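Please keep the sequence and the 3D view at hand while reading.

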Amino acid sequence: MFDESSITLRRIGAVLHQAGLVSRETVRDVLERLGGHVDEQLAGYGTACALEGFGVAVSVHADDIDSIHDGYPALLANAVAVVGGDVTVSDVRVVGGGGALDAGRSDRLEFVRDGRLVSIPAEHFSEDYYDHVAACRAIAETARSEDSRSWHHTDFPRVPGTGYDSIMLFATPAQLAILQEHLGLTFR
């Protein structure tokens, strides 16, 4: 049962293992790497962010990044790693549309996935901020159709006016139910 006061990295690791998302060895390695912080209480957003540390999620950074031209390839490489390297993604690029960035430029995020061109509309207001909708749609393209797992946007209580990374989790519906029950996260 969900008890927010009991959410720590140690607890998250145990729930992820119970759900079949990570091995005992992965939990041990992550907790060893994080050292003294494993028993600090987490809530909402901190819980969602911890999923990336266990290798089951990808975070689309909300603050500025160095460049969308370098950021999207790295983001999709992270997604491919989470799905187990079962897909090949290459030639990731932002194809600039017309107009000025400060007014919102209609671009396309393009990449080749297993030999097939994927093109996703993306609106950019700067060279150093992701279009979160486009980034999440691109991440979703890394899942294989025959896999019972798929990408889900992780949701949690939010404070108005605060920016949050978009956390995308790769899991089955049964695994999502376990995480929702024991960690208090919701998924869409």
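The model is predicted.

**Geometry of the pairs**

| Helix pair | Residues | Angle | Axes apart |
|---|---|---|---|
| Helix 1 and helix 3 | 9-18 and 44-53 | about 60° | 10 Å |
| Helix 4 and helix 5 | 68-82 and 132-140 | about 40° | 9 Å |

**Helix 1 and helix 3**

Helix 1 packs on helix 3 at an angle of about 60°. Roughly perpendicular begins at 65 degrees and roughly parallel lies under 35 degrees, so helix 1 and helix 3 count as oblique to each other. Their crossing is right-handed. On the side of helix 1, the contact is formed by L9, I12 and L16, and on the side of helix 3 by T47, A50 and L51. Sorted by class, the contact of helix 1 with helix 3 holds five nonpolar residues and one polar residue, with no charged residues.

**Helix 4 and helix 5**

For helix 4 and helix 5, the angle is about 40°. Helix 4 and helix 5 are therefore oblique to each other. Helix 4 and helix 5 make a right-handed crossing. Which residues meet where helix 4 touches helix 5? Helix 4 contributes Y72, L75, L76 and A79, while helix 5 contributes A135, A138 and I139. By class, this contact of helix 4 with helix 5 has seven nonpolar residues, and no polar or charged ones.

Definitions and conventions
Residues numbered from 1 in each chain as written. Predicted model: local features only at pLDDT ≥ 70, side-chain atom pairs only at ≥ 80, totals over all residues. Heavy atoms only, no water. Axes fitted to C-alpha atoms, helices over the stretch in contact; angles between N-to-C directions. Helix = DSSP H or I, 4+ residues; strand = E, 2+ residues; numbered from the N terminus. Parallel < 35°, antiparallel > 145°, perpendicular 65-115°, else oblique. Left-handed = near helix turned anticlockwise from the far one by under 90°. Contact = heavy atoms within 4.5 Å. Nonpolar A, V, L, I, M, F, W, Y, C, P; charged D, E, K, R; others polar.
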